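Keep the structure open and look up each residue as it comes along.

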Amino acid sequence: MTNRLAHATSPYLLQHAENPVHWQEWGPAAFAEARERDVPILLSVGYAACHWCHVMAHESFSDEQVAEAVNAAFVAVKVDREERPDVDAVYMQATQALTGQGGWPMTCFLTPAGDPFFCGTYYPKPQFLQLLESVQRVWRTEREQVSGSAEQITARLRSAQHLTAGAPADVSTLAAAVDTLAEGFDARRGGFGDAPKFPPSMVAEFLLRHHGRTGSPAALEMVERTCTAMARGGIYDQLAGGFARYSVDGDWVVPHFEKMLYDNALLLRAYTHWFRTTGSALARRVVVETVEFLLGDLRTPEGGFASSLDADADGVEGSTYVWTPDQLAEVLGPADGAQAAELLGVTPEGTFEGGASTLRMLAAPPPEWPAWRSALLAARGGRVQPALDDKVVTSWNGLAIGALAEAGALLGQPEWVAAARSAAELLWELHADDGAAGVRLRRSSRSGTAGEAAGVADDYGNLAGGLLALHQATGEGVWLVRAGALLEVALAQFATGDGAFYDTPADGEQLVVRMRSTSDNAEPCGTSALAEALGTYAALTGEHREAADAAIGAGMTVARIDPRFAGWTLAAAEASLAGPVQVAVVGTDAVADEMVQVVWESTSPGLVLAAGPGDGTLAGDGTPHPLLADRPLVDGGSAAYVCRGFVCDLPVTSVAALRDALR
């Protein structure tokens, strides 16, 4: 027997469609039922790849005793945090305020007006049953006190959103951020802090840009140590490529095995830029293998990218990925198996559970490694595989589009750029509605059907940023135009008036709190995503520079307090201070192609590219472009114009001269 989640598009909600709990989706009907029955709402928030969400589902939500208690005294609402990040953000802030911590599954009790009065995360069945009984009792006997407390909690959440504009970024602020990061840097193991350790992808992007602008050896060293440690660690899938969500230890040995699209898109970009900066063979290998993972494991039949691979396989965390020495020997033979075990850190005692080990790369791969890798990957394919959350999220696909476009352009892989283009075309066709109010985005789709949830600020920012990277990689003007349309809507619908951006549009669903975030967590927040996209658009067109700098300024308060949570803002600030550096390449011959490649190889932050035949338009579609206007061929031959703020140096006509100009 199914509940009211049976017709949901979210794979996470569908995981709970057979629960005896009478779940329903977030919406007016749930709140109307709560008012009519005069009962609280039990809000449970999670996502498809979440290990502890599965545990609580098995222990409690599949249990008849728990279901009877929930159904009798509550309206049960399930939310996929990836599909409704706006709902998640409101009640996660409440959970953190009330408990001092957060996480998923998130368990909240709300009044029929939506005000939270008790919040927590995972509860084992005995504690959860006790909690349900206690909440029911206080709701029945202490209603006035509960309602007053809930209203006070909501009022405090609202007051926390009234932030003042931050000070603009300057060179001293960015240098201080590097110093602060260095103080918390784990010089021996890479990364920041102790266990659990999350991949600092956005901080790495900032440090690489800072090094590109200043030459700072400290900034580059933090990136190299961290990226090397992660690439050699168990957090990285040594066989199939791609990164797990985080490491449960401080040495990057044992991951939390779920693989998220946003992590891999952000890390692909960071490793691409590390390779561009240093030529590291390790960085290049990670780039290639991570792209293989994205295209092989996360690409959907429609051309987009799925959200995640589960942490569990058939209810067992990590079982797909771990090995014993005997299992290696069974696949590779005794001699090669023993060598592989030494290379990959597979011990008789094990580094994980049950004597099994995660795979690490403890030395440079030997000549036999490609054959070993192929054989082990084939053997692993015979195991139970983790479930795929095939929901296509706009924001995360925007990050993947940008990373694939840049990696493909830099490494000369046109098929990667083509994959980015296919994803962009899918999103524009399926997720974007062009109406009287401008282009409005949907948050997600599945199997070619768009979901009902409206796009939030980071959807607009990250997709616009991805389209701008695709525009530069392809020379196609349509992506510049579409990015501009998204940014116009973002400025009209999400702006707070002091530089930041609300998470939700002005004409969207009104939650109990309209959230605004200026701190990055696992992915760029809406304000930093839009700051980055607005800055790139301003460099390409001359429009929205003030809005970009105001958004950067709004994020600088967090950057000054803890730069680990402002990496994307700081990266945008580096681009703003270093640029805009604009390069217009005109011509259609091999020299022009080489010039374009030189531009992609430049590490200058804030650099943007436009290429065309020399008639003021883009190649291929004849679209006029501000950077190409009045920049003709030189004596009939290809040329490059290096500009700063649309003021250009004399054109150069050789690849060597362009390389010198960009140093």
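This is a predicted model: local features need pLDDT of at least 70, side-chain atom pairs count only at pLDDT 80 or more; totals for chains, interfaces and linings use all residues.

## The nonpolar cores

The largest nonpolar core has 174 residues, and the members that touch the most others are Val 70, Phe 128, Phe 206, Leu 207, Tyr 271, Leu 486 and Leu 658. Helix α16, residues 394-411, supplies the largest share of this core, with 11 residues. Another core lies apart from it and has 26 residues, including Val 39, Ile 41, Met 106 and Met 515.

Leaving aside residues up to four places away in sequence, Leu 486 touches Trp 428, Val 439, Leu 441, Tyr 460, Leu 463, Ala 464 and Leu 467.

## Helix α21 and its bend

Next, look at helix α21, which runs over residues 545-561 and has 17 residues. From first C-alpha to last it reaches 25 Å, close to the 24 Å expected at 1.5 Å a residue. Even so, α21 bends by about 40° at Gly 555.

Gly 555 is itself one of the buried residues of α21, a list that also holds Ala 548, Ala 551, Ile 552, Gly 553, Ala 554, Met 556, Val 558 and Ala 559. What do these buried residues pack against? Their partners are α8 (171-183), α20 (526-541) and α22 (567-578).

Three strands make up an open sheet in the order β8-β9-β12, and their pairing is antiparallel. The edges are β8 (259-260) and β12 (388-389), each of which pairs on one side only.

Strand β9, residues 308-309, pairs with β12 in the antiparallel sense over 2 bridges.

## Salt bridges across the chain

Side chains of opposite charge can pair when their charged atoms come close. In this model the count comes to 36 salt bridges. One of them joins Glu 574 to Arg 213, with the closest N and O atoms 2.5 Å apart. This pair links distant parts of the chain, since Glu 574 is in helix α22 and Arg 213 is in helix α9 (residues 201-214), 361 residues apart. Are the two partners buried or partly exposed? Glu 574 is buried, at 0% relative accessible area, while Arg 213 is partly exposed, at 26%.

Glu 289 and Arg 373 form another salt bridge, at 3.9 Å from N to O. Because Glu 289 lies in helix α12 (residues 281-298) and Arg 373 in helix α15 (residues 369-380), the pair ties together parts that are 84 residues apart in sequence. Both Glu 289 and Arg 373 are buried.

Arg 421 counts as partly exposed at 23% relative accessibility, and Glu 476 counts as partly exposed at 24%.

Key:
Residues are numbered from 1 along each chain as its sequence is written. Side-chain values use heavy atoms; hydrogens and water are left out. A nonpolar core is a set of buried Ala, Val, Leu, Ile, Met, Phe, Trp, Tyr and Cys residues joined through side-chain atoms within 4.5 Å. Buried means under 20% relative accessible area, exposed over 50%, partly exposed in between (1.4 Å probe, protein chains only). Helices (H or I, at least four residues) and strands (E, at least two) are DSSP runs, numbered from the N terminus. Contact means heavy atoms within 4.5 Å. The expected span of a helix is 1.5 Å times one less than its number of residues. The bend at a residue is the angle between axes fitted to the seven residues ending there and the seven starting there. Two strands pair if DSSP finds at least two bridges between them. A salt bridge is a side-chain nitrogen of Lys or Arg within 4 Å of a carboxyl oxygen of Asp or Glu.
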